[in-house]
Amino acid sequence: MLLQKLIKRFKLLWIYIITASSLPFSYILSLNCNFLCFSCPLSGLCIIFYPIIILAIIFVKLIRKIKNFKI
Amino acid sequence: MWLKSLMRNKYRYISWIIGFILFVGPFAIIMRIYYYLAGILREPDLHTACFRMPIDWIFSGRIYYIFSYPEMFLFIFAVLITSLILGPIFCGWLCPVGAFSEAISRIIPLPNRYRIQIKDPRITRAIRYGFLTGFIMISILILLGFSERFTAICCWYCASSVLQQITNGIINPIELEYWFSGSIIVLIFWLIIGGIFTVGGRGWCLFFCPLGALSGIIHKIGSKLGFYRTIRIEGKCINCGKCISVCPMQAIDSNFSIERTLCINCKECISRCPNKLYKMIWRSKNASSKIN
């Protein structure tokens, strides 16, 4: 019971850390071009694409592992 | 069935329309009144009372913008104070961005089994506050001088701007030139994935809105202090699960306990519960023993 609780807490912490790191990570990736977004063909796509990918990965994990995801 | 679902808690439609008229251009009545009183010659729209930039400015050490854009800080301050006392009623009843996606979710008769639903609100909370932490971390990176050009990350995923441009586009189709790839991704995630394909239609509010996340924290503090909040009282529950399926924020878990940081006091659970087990209370001493 305690172990299950700990695993659950760890999963929640893992989700929190992954999502918290996604925006700064995409920010650092985008620093190369110094945010010339409107003159770039991607035009800001790179900044928001990574967090959305992370969110999709979490959803897929929820389907497979936690089994409390309904689709 | 679909029509019944569409007409539930119908007073919220009125409040959504009021919210649209108050905040979205060409009406933007709140900002119009402010500009008139302050003598500012500027055409107001949803973006002139940005929901998110002041949060970024506070954390990135640009609080001095309060002198340039006091209306934005006043607006956010008013939303947070309201959240403390009355709960996040701005999110639930007035915010045009959340209202638009929730309305689309209601209108499209897609069964809930084809929609995303995270049954454990603690997971939703972890994702929501993870993104808020990321948002604040970027503000701190800006404070540390990582980028001179960059203003605020929220401008790169602005559903408010997208909504304003849709409205402008309806009035004047030339405004549709605004679209770029980032805004199209936002549109897809806000209205299609977060709206149509999420139970409750508030996927965007759940994961990407920093003001909503801050309001949730403030509401949690407010509820601890005994301010206005939704509770579930003890009674004969028939386990119909309607409260869980109608909650637009997926804030009620399988044990019927309400996750306070997600609840927006929208009263959907109150209106839908057949045994009236949910109610709103204000500093009630007896309520603490009844809270489930």
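Over all chains of this predicted model, the count of salt bridges comes to 10, a salt bridge being a side-chain nitrogen of Lys or Arg within 4 Å of a carboxyl oxygen of Asp or Glu. Side chains of opposite charge can pair when their charged atoms come close. The model is a predicted one, in which local features need pLDDT of at least 70 and side-chain atom pairs count only at pLDDT 80 or more, while totals for chains, interfaces and linings use all residues. Residues are numbered from 1 along each chain as its sequence is written, chains are lettered from A and ligands numbered from 1 in the order in which they are written, and side-chain values use heavy atoms, with hydrogens and water left out.

| Salt bridge | N to O distance |
|---|---|
| Lys8(A) and Asp120(B) | 2.9 Å |
| Arg106(B) and Glu102(B) | 3.8 Å |
| Glu102(B) and Arg202(B) | 2.6 Å |

Within chain B, Arg106(B) and Glu102(B) are separated by about one helical turn, because they are four residues apart in helix H7 (residues 96-107); helices here are DSSP runs of H or I with at least four residues, and strands are runs of E with at least two, numbered from the N terminus. Both Arg106(B) and Glu102(B) are buried, where buried means under 20% relative accessible area, exposed over 50%, and partly exposed in between (1.4 Å probe, protein chains only). Through shared partners, salt bridges join Arg12(B), Glu102(B), Arg106(B), Arg202(B) and Glu268(B) into one network.

Across the interface of chain A and chain B, the rule finds one salt bridge. In that pair, the closest N and O atoms of Asp120(B) and Lys8(A) are 2.9 Å apart. Lys8(A) counts as partly exposed because its relative accessibility is 21%, whereas Asp120(B), at 10%, counts as buried.

The contact between the chains (heavy atoms within 4.5 Å) takes 36 residues from chain A and 37 residues from chain B. The size of an interface is often given as the accessible area lost when the parts come together. Here the area buried between chain A and chain B, summed over both (1.4 Å probe), is about 3,400 Å², of which carbon and sulfur atoms give 77%.

Chain B also carries a nonpolar patch on the surface, formed by Ile17(B), Ile21(B), Phe27(B), Ile29(B), Ile33(B), Tyr36(B) and Leu37(B), with about 740 Å² of accessible area together. Patch residues have over 30% relative accessible area and no salt bridge, with nonpolar side chains (Val, Leu, Ile, Met, Phe, Trp, Tyr) joined within 5 Å and like charges within 9 Å. Helix H2 (11-23) and helix H3 (29-38) of chain B are the elements that give two or more residues to this patch, and H3(B) gives the most, with four residues. Ile21(B) is found in helix H2 of chain B, and this residue counts as partly exposed because its relative accessibility is 31%.

Technical notes:
Accessible areas come from the Shrake-Rupley method with a 1.4 Å probe; for residues, only the protein chains shown count as cover. Buried area is the accessible area (1.4 Å probe) that two parts lose on being put together, summed over both.
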